[in-house]
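Here are my notes on the model you asked about. They are set out as numbered points, to be read beside the structure.

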Protein chains: 2
Amino acid sequence: MTSVGHRTGERRAIGLDIGGTKIAGAVVREDGTVIAELTRPTPEHSDTTTTGKTLLGITERLHADHPEVLAIGVGAAGLVEWPHGLIRWAPNSAYRDWPVRVELEDATGLPTVVDNDANVAALAEARLGACRLRDMVLLTVGTGVGGGVLLGGRIYRGPTGRGAELGHMVVDPDGPRCGCGNHGCLEALASGTALTRMGRDAAADDPDGLIATLARDEPGGTVTGETVTRAARQGDPTAQALFTRLGRWLGVGIASLANIFELEAVVIGGGLVETGDLLLAPARAAAREFAYAPGVRGVVPIGPATFGAEAGVVGAALLGLEHAASSRPGRHAGTP
Amino acid sequence: MTSVGHRTGERRAIGLDIGGTKIAGAVVREDGTVIAELTRPTPEHSDTTTTGKTLLGITERLHADHPEVLAIGVGAAGLVEWPHGLIRWAPNSAYRDWPVRVELEDATGLPTVVDNDANVAALAEARLGACRLRDMVLLTVGTGVGGGVLLGGRIYRGPTGRGAELGHMVVDPDGPRCGCGNHGCLEALASGTALTRMGRDAAADDPDGLIATLARDEPGGTVTGETVTRAARQGDPTAQALFTRLGRWLGVGIASLANIFELEAVVIGGGLVETGDLLLAPARAAAREFAYAPGVRGVVPIGPATFGAEAGVVGAALLGLEHAASSRPGRHAGTP
């Protein structure tokens, strides 16, 4: 770090991460250090008013404790209209057409930007991850598959923020139904939900197998992705074969993205990346198998994310600071 | 058109289109009008030296007849290194690492840009097609499937020109082998080559069917995509079903692209678009079926290209003029 980098590293913003199960807030330094954190469960009836109150509560508390913050950044699951910061729709929540940016700016007077959660996580990885990246894709493999794209160092959103829905590229049109209603999306084949579905099928096919046996000891008595992971780690060939299938689908999707874009790296985040090579080894093999003209174009490297659960708040704060820096003084309510 | 538009419409460039079967050159006005044309077959042994001589011959002849041209633009099949204008590799040609930009600039003294053929065709469609478009994809469906992407009015190439290989996104990893060596690329399922392959299978399955019958009257006695097209137009249900399959695969690929990007339109060019709704109706149906969150994101419109075989030379000339205008005087050999 240069001395200039150190000095700018002292600038701080509030980062907020709106997810289906919790809303996380943090005060974050420009170098990615989290100084304070505050997390609340997403209200069970996640309508716009109730969720808005929770978000505002977290924000005002962090702002009161840290009046030195320069900006607010928000990462939210779902379709976020850019640059207006209107959350149009989220697959697992009840809020609709929620004007998050305006609400937070009115309440705090701070310049605010709102973006998709995978977009801001991609920004955190590209700017502060293991390697500095300008052209990269982040895929978060958890309950679903989220995607963020950086092209030439900038988040690609499309003209109004509806782009980069990478989890819904179609990798098998005759494949299983996705949460979005379509069939064969990457999310339907390479997510935690897919692992659970495949694990349940495997347990039904072989009630004496390790997956079914482990599941009987689970609190609910049913197979989850966690059950399959434990079975695979104990050497169960059925569970390992499920990871090979899951990882292969992930790699097929990555190969397509690497053929569509020109990428330095693909970074994998989300809960499932904690399974390490169970997921990543078959993904790398498939990404190599389906790479176009690998002798000329190379094969895209695939690595685990540097940031875990904090990628959302860190990336959101980073985006907030970048936009506060690029907007003119006194114009913070304008278009970032 | 304003009077300024009319005046700038008078600027002219040489557009060149390097394909697997022919090399086309033209003098083109900024408004897309072709003033002169010169076409030669691509040399049978399409090595760098021989093909280079043919290209230079066309260029010098057009330049001698039209000394008023301001620039040269080239669209070439294959992987073109940007901005250096080095054709690294083309799937159906023998030339490799061919420094086209430098060769043409040295021979003519004119500022020159070299890009992928589908990229320049996309530019022609976006700037001069039926609708002015800033965010669009062009797919050329011919022997293969080529792709060009415009984002925010600019061609997306990736940092060194290796991006936008849309024909090699994987739509069916267990599908047929592609010319590139992989399996289940869009090009392997939704191209003229795929139509020929499916038509031959259908003729083998039903030697008394219309496809097989029509093929016996063909010069070579074998099924081509043209045979299947004629059978479909004569109402043959087998041939029509093949188009439905082909168009569906095209629509699946388009749906993925519409979920990955945020597009105003997808434009279809290439030889197969002349089959009209035989191809486009099933493509539109599948693009609608696999659209993500269509209530919020909409469904991307799919239309035929405005330019036919001339898209390459027109788009190439247009790119040449845009770069000549943006480069400083006396700096034409520099990075465009």
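1. I start in a sheet of chain B, where Leu79(B) stands opposite Trp89(B) in S6(B). The strand S5(B) pairs with S6(B) in the antiparallel sense over 3 bridges. Strands here are DSSP runs of E with at least two residues, helices are runs of H or I with at least four residues, and both are numbered from the N terminus. Two strands count as paired if DSSP finds at least two bridges between them.

2. This is a predicted model, in which local features need pLDDT of at least 70 and side-chain atom pairs count only at pLDDT 80 or more, while totals for chains, interfaces and linings use all residues. Residues are numbered from 1 along each chain as its sequence is written, chains are lettered from A and ligands numbered from 1 in the order in which they are written, and side-chain values use heavy atoms, with hydrogens and water left out.

3. The next partner is strand S7 (residues 96-99) of chain B, which pairs with strand S6 (residues 86-89) of chain B in the antiparallel sense over 3 bridges. Trp89(B) has Arg96(B) as its bridge partner in S7(B). S6(B) and S7(B) form a hairpin, with 6 residues between them.

4. Taken as a whole, this open sheet has 3 strands in the order S5-S6-S7 (chain B), with antiparallel pairing. Strand S5 (79-81) and S7 of chain B stand at the edges with a single partner strand each, so one side of each has no neighbour in the sheet. On average, neighbouring strands of this sheet are turned by 25° against each other, direction ignored. Axes are lines fitted to C-alpha atoms, for helices over the stretch in contact, and angles run from 0 to 180 degrees between N-to-C directions. Helix H3 (residues 100-108) of chain B lies across S6 and S7 of chain B and runs at about 25° to S7(B).

5. Which peptide bond of chain B is cis? The bond from Trp82(B) to Pro83(B) is cis, with omega near 0°. Pro83(B) is placed in the loop between S5 and S6 of chain B. In chain A, a cis peptide bond joins Trp82(A) and Pro83(A), with omega about 5°. Most residues other than glycine have a negative phi, and most peptide bonds are trans. Ala293(A) has a phi near 45°, a positive value in a residue other than glycine; Ala293(A) is in the loop between helix H10 (277-289) and helix H11 (294-297) of chain A.

6. Chain A has an open sheet of 5 strands in the order S11-S10-S9-S12-S13, with mixed pairing. Its edge strands are strand S11 (154-155) and strand S13 (302-304) of chain A, each pairing on one side only. Strand S9 (residues 136-141) of chain A and strand S10 (residues 145-151) of chain A run antiparallel and are joined by 6 bridges. Thr140(A) has Gly146(A) as its bridge partner in S10(A). Helix H4 (residues 117-128) of chain A lies across S9, S10, S11 and strand S12 (265-269) of chain A, at about 50° to S10(A). Contact means heavy atoms within 4.5 Å.

7. Now the helix pairs. Helix H4 (residues 117-128) of chain B packs with helix H12 (residues 311-326) of chain B at an angle of about 80°, the axes being 7 Å apart. H4(B) is therefore roughly perpendicular to H12(B); angles under 35 degrees count as roughly parallel, over 145 as roughly antiparallel, 65 to 115 as roughly perpendicular and the rest as oblique. Residues in the contact include Val120(B), Leu123(B) and Arg127(B) of H4(B), and Val314(B), Leu318(B) and Glu322(B) of H12(B). By class, the contact of H4(B) with H12(B) has 10 nonpolar, 2 polar and 2 charged residues. Ala, Val, Leu, Ile, Met, Phe, Trp, Tyr, Cys and Pro count as nonpolar, Asp, Glu, Lys and Arg as charged, and the others, Gly among them, as polar.

8. In chain A, helix H6 (residues 192-205) and helix H8 (residues 225-233) pack at about 70° with their axes 8 Å apart. That makes H6(A) roughly perpendicular to H8(A). Leu195(A), Thr196(A) and Gly199(A) in H6(A) meet Gly225(A), Val228(A) and Thr229(A) in H8(A). This contact of H6(A) with H8(A) has 2 nonpolar, 4 polar and no charged residues.

9. Chain A superposes on chain B by a rotation of 180° with 0.0 Å of shift along its axis (RMSD 0.0 Å). That is the relation of a two-fold axis. Copies are superposed by least squares on the C-alpha atoms of residues with pLDDT of at least 70 in both.
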